[in-house]
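Please open the model in a viewer and keep the sequence panel at hand. The stops below give a selection and then describe what is found there.

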Amino acid sequence: MKEDHFLLGQIEDKITQCENKYIATHTGFLDSHQQSLARIYCRKAHIPTFDAEPQGDALPPTRSIFYGGHEEAERVILINLPDYAKLSDYDPLTVIRAAKAEGGRELTHRDYLGSLAALGIKRELLGDILVREDGADIIVLTDIADFILMNYYKAGRTNLSLSQHPVSELIVPPLKRTTMTDTVASLRLDSVMASAFGLSRGKAAEAIGRGLVFVNHVEVIKPDFQVSEGDKLTLRGKGKACLIEVGGRSRKDRQYITIERY
């Protein structure tokens, strides 16, 4: 797709700027598909990437970090840092806290996103929107924060009051986690996804073929892909799961697995 090639060109440019000019750079927010493209590109180009700030003194000359403000972020930016810089010193994200007026109706993720889009704000400037009963924490690029604070008053017909906070003060609603044990014919992706998300194997294979399934943040389109213990699985629009344990085999020669879904 033309958009994919454009995105990869941007990512290459940001990484090259970091390497050649020895400065910190970052992309806009990436969705699941875009993040997958970025990870595959970095892997092929032998660019060291991390999902959190690496620890220790022996850092590579430059490093790239997928970062969305919290551990389970769905939307992330790719920050490229020279070895002298730390993520804590160069954090291009901030939090806009929206508190809804008392008596206003309960707002959904769609309400917040739709009202922000109505202001002309592009999606790549907005990260996760973490909704609570009394409002939401909206992760954004710092560059757009002042515009939002000055122009964002309502979501739907509900009045909002806004404040800005550092990412360290982000309120992350607790995840609802469910642990289940099951048996599968094999560790094929379609079998494990069917078990994790309560689908038929055919429906799971269809979702995989449509590019809706990600393993460790990378899009996988082959139903017979073999998953392993510890793999993180995402079904776009349905949630996430982790294959936390692969056990022995049953009398019918099926594989025991333990899955945590959230």
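Begin with His217, which counts as partly exposed because its relative accessibility is 26%; buried means under 20% relative accessible area, exposed over 50%, and partly exposed in between, with a 1.4 Å probe and protein chains only. The model is predicted: local features need pLDDT of at least 70, side-chain atom pairs count only at pLDDT 80 or more, and totals for chains, interfaces and linings use all residues. Residues are numbered from 1 along each chain as its sequence is written, and side-chain values use heavy atoms, with hydrogens and water left out.

His217 lies in the loop that joins strand S11 (213–215) to strand S12 (218–219); strands (E, at least two residues) and helices (H or I, at least four) are DSSP runs, numbered from the N terminus. Most residues other than glycine have a negative phi.

Next, select Asp253, in the loop between strand S14 (239–249) and strand S15 (255–261). Asp253 also has a positive phi, near 65°, and is a residue other than glycine.

Is Lys240 buried or exposed? With 12% relative accessibility, Lys240 counts as buried. Its side chain reaches the backbone oxygen of Glu72 at 3.2 Å. To display the surroundings, select the residues in contact with Lys240 (heavy atoms within 4.5 Å), leaving aside neighbours within four places in sequence: Glu72, Ala73, Glu74, Phe197, Leu233, Thr234, Glu260, Arg261 and Tyr262.

Tyr84 counts as exposed because its relative accessibility is 53%. Together with Tyr22 and Ile23, Tyr84 makes a nonpolar surface patch of about 290 Å².

Finally, zoom out to the whole chain. Its secondary structure comprises six helices and 15 strands, and the C-alpha atoms fill a box of roughly 65 × 55 × 40 Å along the principal axes. Of the 262 residues, 43% count as buried. Among contacts with a separation of 6 or more, 59% come from residues 24 or more positions apart.

How values were computed
Patch = residues over 30% accessible without salt bridge, like charges linked within 9 Å, V, L, I, M, F, W, Y side chains within 5 Å. Areas by Shrake-Rupley, 256 points an atom, 1.4 Å probe, with all protein chains shown as cover. Salt bridge = Lys/Arg side-chain N within 4 Å of Asp/Glu carboxyl O. Polar contact = N/O pair within 3.5 Å; in protein donor to acceptor, adjacent residues only side chain to side chain.
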